[in-house]
Amino acid sequence: SMECDDGDAAAVSDAAPAQPPPPPPPPAPTAQEELVRFQVELEFVQCLANVDYLHYLAQFNYFKDKAFVNYLKYLTYWKQPAYAKYIAYPFCLHFLDLLQDETFRMCLENPDVKNFIFGQEGRHWLWYRYNRSQQRQQQAAAVPPTQPPHPPVQQQQQQ
């Protein structure tokens, strides 16, 4: 028969419980997973050009979530030329900058602010188009007209 000494039992119970080993690190993402992440982040960043979407995010308190605000900060890497060249709506990068400011994020809850920003965007594009057309006209006027090349003269064959 096996006897147990009470002193040994106390020594075992005083020892710290064994910690399980830490989990292994996650595997590195595959090329396909990296591509999907790139596409999802690109699409999300470009959605930031839509002031109605920004208003929606504000109304549903996304901008009060610290993790979401940190995600917006992380996304500023899209301003680097290597990534910005994929952006179709450059206003999104401007709004991404503005969204780094808590006051701006909170103001987006107000529909009047949303409407004001929407109107300013419209005016920007209206004047941008007008200014670009004026610039093209001035450039065209500054360049002397060139003579179009003459078509080759065809000689008629004598019969």
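1. Leaving aside residues up to four places away in sequence, Lys114 touches Val51, Asp52 and His55. The model is a predicted one, and in it Lys114 belongs to helix 8, which spans residues 111–142. Lys114 counts as buried because its relative accessibility is 15%, and the cut-off for that term is under 20%.

2. Turning to helix 3, the buried residues there include Val51 and His55, together with Leu54, Leu57 and Ala58. These residues lie on the same side of helix 3, because the arc they cover around the axis is only 160°.

3. At its start, a side-chain oxygen of Asn50 comes to within 2.8 Å of the backbone nitrogen of Asp52, whereas just after helix 3 the residue Asn61 adopts a positive phi of about 65°.

4. The largest nonpolar core comprises 25 residues, and those with the most contacts inside it are Leu48, Phe63, Leu72, Trp78, Leu99 and Leu108. At least two residues of this core are supplied by each of helix 2 (31–47), helix 3 (51–59), helix 4 (66–74) and helix 6 (91–98), with helix 6 giving the largest share, 5 residues. In soluble globular proteins, nonpolar side chains tend to be buried together.

5. Leu54, Leu57 and Ala58 are among the buried residues of helix 3.

Technical notes. Residues are numbered from 1 along each chain as its sequence is written. This is a predicted model: local features need pLDDT of at least 70, side-chain atom pairs count only at pLDDT 80 or more; totals for chains, interfaces and linings use all residues. Side-chain values use heavy atoms; hydrogens and water are left out. A nonpolar core is a set of buried Ala, Val, Leu, Ile, Met, Phe, Trp, Tyr and Cys residues joined through side-chain atoms within 4.5 Å. Buried means under 20% relative accessible area, exposed over 50%, partly exposed in between (1.4 Å probe, protein chains only). Helices (H or I, at least four residues) and strands (E, at least two) are DSSP runs, numbered from the N terminus. The arc is that of the directions from the helix axis to the C-beta atoms. A polar contact is a pair of N or O atoms within 3.5 Å; within protein, one must be able to donate a hydrogen and the other to accept it, and residues adjacent in sequence count only if both atoms are side-chain atoms. Contact means heavy atoms within 4.5 Å.
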